[in-house]
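Dear colleague,

I am handing over the structure below, together with notes on what was found in it. Please read the notes with the model open beside them.

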Amino acid sequence: LAWGALRLVRNMAAPASSASPTTSVKRGRVVITVSARGQLQGGNSETIEVPMTGVDNTGITYLRQPGEMVNEGDVIAQFDTTQQEFNLREAEADLAEAEQQVIQTKATSAASDEENHYALLSAESAVSLAALEVRRNPVVAAMKARQNDIALEAARGRLHQAEQNMANKNANSSAGVAIQDANLNKARVQADMARKIIDSMTVKAKTSGYVNIEPNTNVNMFYTGMTFQPLQIGDTVYSGEGVARIPDLKNWEVSARVGELDRGHLAEGQKVSITVVALPGKSFPGHIKVLGGTTGPPWDRHFDCLIALEQPAREMRPGMTSNMVITTQSMEDVIWIPSQALYESDGKSFVYLRTPEGFM
């Protein structure tokens, strides 16, 4: 009986039911915001690519560590030059052979010129001797005079032929020398190109910044849960493929994905407040720079949003996770309530007002 009486007293003292949560209607300034999450990245990044060398792929022999600080002119990556060095040795051998061919052709041309010159002098001498014999015609027999005239004409014919032969042989010699010079220039260009290709296999930074290594997408993925690992020494890469990036640390950006429902509230130039997870207690101003198109599967539609930082910090690093609050609208002197107190039915929005008689 005592225990039953104590329980009855406790039940009578307890409240009949818990009160429904309520809120107060307020008037003042209302700021509508959109929250998003993204990663820091440098604007106008410098891309380090595999040079075009005439071969499909090559290997990495040297590569900077991810996040390593580099200055302008520092070596970022080096690639295997075995094939290019072989091509250079072949080009240099062809160049040496072309040089010897030019020397030989010029020597042969010089010897031919001497021979042609001697033949021309001999023909000129024969004409002179024949002309002297012709001068004796008045004092010799008519038959002998006729022979002298015939000999002079023959000597002049041989001289004319020698002059033509000399002109033709000189033209042939000049053409042969020109051909060998062209082959020499071709071999020299190929050797110079091979040297330039070897030099291009050592890639240097054009700007200062932190190195971001690209993922190795040239491996076979056996199952979807596997992620791509960053490139490293020994990996095979293809001509024109990007292996690293050096962000422009003077122009920081945040790349974020925003839900499709918030797309209509955003516009380029809107102010953004950015906080970096690795830099707690600090907030950085920014603004929307670019709004991309909507992508993703039907159950997760989103669009890319690029936000420019207006006051970056020296402690920032590419890839740091960032939280953003985008101010879409600011209204002054308006009546507002929390969204949890707003209900919808048949396309209409309404609230419940608490009165002494209850909610209505």
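Contact, as the word is used throughout this email, means heavy atoms within 4.5 Å. Please also bear in mind that this is a predicted model, in which local features need pLDDT of at least 70 and side-chain atom pairs count only at pLDDT 80 or more, while totals for chains, interfaces and linings use all residues. Residues are numbered from 1 along each chain as its sequence is written, and side-chain values use heavy atoms, with hydrogens and water left out.

To begin with the chain as a whole, there are 3 helices and 17 strands, where helices (H or I, at least four residues) and strands (E, at least two) are DSSP runs numbered from the N terminus. The chain is more spread out than a compact globule, because its radius of gyration is 46 Å, well over the 21 Å that the globule rule gives for 360 residues; the radius is taken over C-alpha atoms, and the rule is 2.2 Å times the number of residues to the power 0.38. Along its principal axes, the C-alpha trace spans about 180 × 45 × 40 Å. Of the 360 residues, 28% are buried, a term that means under 20% relative accessible area, with exposed being over 50% and partly exposed in between (1.4 Å probe, protein chains only). Among contacts between residues at least 6 apart in sequence, 74% join residues at least 24 apart.

Turning to the helices, the axes of α2 (residues 82–134) and α3 (residues 142–200) come within 8 Å and cross at roughly 170°. The axes are lines fitted to C-alpha atoms, for helices over the stretch in contact, and angles run from 0 to 180 degrees between N-to-C directions. The helices α2 and α3 are therefore roughly antiparallel to each other, given that angles under 35 degrees count as roughly parallel, over 145 as roughly antiparallel, 65 to 115 as roughly perpendicular and the rest as oblique. By class, the contact of α2 with α3 has 26 nonpolar, 15 polar and 16 charged residues (Ala, Val, Leu, Ile, Met, Phe, Trp, Tyr, Cys and Pro count as nonpolar, Asp, Glu, Lys and Arg as charged, and the others, Gly among them, as polar).

Two residues of α2 deserve a look. Gln84, which is placed in α2, counts as buried at 3% relative accessibility, and, leaving aside its neighbours within four places in sequence, Gln84 is in contact with Thr53, Val55, Ile197, Ile198 and Met201. Gln83 also lies in helix α2, but Gln83 is partly exposed, with a relative accessible area of 41%.

Among the strands, Ala308 is found in β12 and is buried at 12% relative accessibility. The C-alpha atoms of Ala308 and Val254, 54 residues apart along the chain, are separated by 6.5 Å, and Ala308 touches Trp252, Gly286, His287 and Lys289 once residues up to four places away in sequence are set aside. Met320, in the loop between β12 (302–309) and β13, is buried too, at 17% relative accessibility; not counting residues up to four places away in sequence, Met320 touches Gly38, Gln39, Leu40, Val276, Ala278 and Glu315. Finally, Asp333, in strand β13 (residues 321–336), has a positive phi of about 55° although it is not a glycine, and Asp333 is exposed, with a relative accessible area of 53%.
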